[in-house]
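Please look over the model shown here before reading on.

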Amino acid sequence: MIEWVSADRCVQCGICVKVCPTHVFDLGPDDTPVIARQEDCQTCYICEAYCPADALYVAPYADEKVKVEEQELIASGILGSWRKTIGWGPGRTKLAAMDQTPFIDRILPANFNDKP
Ligand code: SF4
Ligand code: SF4
């Protein structure tokens, strides 16, 4: 569940407000987003992935809120870290390029590669 918007890091781009599929954010008076409908969060991490300033923290607990402190999030390196994890952002290796999961084998029919 979305737990934090860093006012210090936010550059007021508005991307998180636009990409959130359940409209969790409103724009605050200075265009920094505020978490307006936290209970509607789907823990999808889309906002954290898109945030260019690593200003958001989505906790992995979908059904409960957790208390967070910005300085602790920064010290642990976790604030906005999902974007880095999936390789979004300039100069990063995309997760798809690292993934070795034989995904295609799971979705093709079992006999797809059999010659007639
Ligand atoms: S994690 Fe998904 S649903 Fe929750 S605030 Fe971010 S974009 Fe919206
Ligand atoms: S995407 Fe990040 S930088 Fe942009 S408005 Fe949202 S929190 Fe601020």
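The questions and answers below set values against definitions.

Q: What kind of model is this, and which features need a pLDDT of at least 70?
A: This is a predicted model, in which local features need pLDDT of at least 70 and side-chain atom pairs count only at pLDDT 80 or more, while totals for chains, interfaces and linings use all residues. Residues are numbered from 1 along each chain as its sequence is written, and chains are lettered from A and ligands numbered from 1 in the order in which they are written.

Q: How many helices and strands does the chain have, and what makes a run count as one?
A: Helices (H or I, at least four residues) and strands (E, at least two) are DSSP runs, numbered from the N terminus. By that definition the chain has 6 helices and 4 strands. Read from the N terminus, the order of elements is β-α-β-β-α-β-α-α-α-α.

Q: Why is the chain called more spread out than a compact globule?
A: The radius of gyration is taken over C-alpha atoms, and the globule rule is 2.2 Å times the number of residues to the power 0.38. For 116 residues the rule gives 13 Å, whereas the chain has 18 Å, well over that value, so the chain is more spread out than a compact globule. Along its principal axes, the C-alpha trace spans about 65 × 30 × 25 Å.

Q: Why is Cys16 counted as buried?
A: A residue is buried if 20 or more other C-beta atoms lie within 10 Å of its own, exposed if 12 or fewer, and partly exposed in between, with C-beta atoms placed from the backbone. Cys16 has 25 C-beta neighbours inside 10 Å, so Cys16 counts as buried. Cys16 lies in helix H1 (residues 15-19). Buried residues make up 19% of the 116 residues in the chain.

Q: Is Phe103 buried or exposed, and how do you know?
A: Phe103 has 10 other C-beta atoms within 10 Å, so Phe103 is exposed. Phe103 belongs to helix H6 (residues 103-107).

Q: Which residues is Cys16 said to touch, and what makes a contact?
A: Two residues are in contact if their C-beta atoms, placed from the backbone, lie within 7 Å. Not counting residues up to four places away in sequence, Cys16 touches Phe25, Pro33, Cys47, Tyr50, Cys51 and Leu56.

Q: What makes a set of residues a nonpolar core, and how many residues has the largest one here?
A: A nonpolar core is a set of buried Ala, Val, Leu, Ile, Met, Phe, Trp, Tyr and Cys residues joined through C-beta atoms within 7 Å. The largest such core has 17 residues, and Ile2, Cys16, Cys47, Leu56 and Val58 have the most contacts inside it. Strand S1 (2-5) and strand S4 (56-58) each supply at least two residues of this core. The largest share, 3 residues, comes from S4.

Q: How many residues surround ligand 1, and which are the closest?
A: Ligand 1 is surrounded by 13 residues, and the closest are Cys20, Val24, Cys41, Cys44 and Cys47.

Q: What is noted about phi of Thr43?
A: Most residues other than glycine have a negative phi. Phi of Thr43 is near 55°, a positive value in a residue other than glycine. Thr43 is placed in the loop between strand S3 (33-35) and helix H2 (46-50).

How values were computed: A residue is near a molecule or strand if its C-beta atom, placed from the backbone, lies within 6 Å of it.
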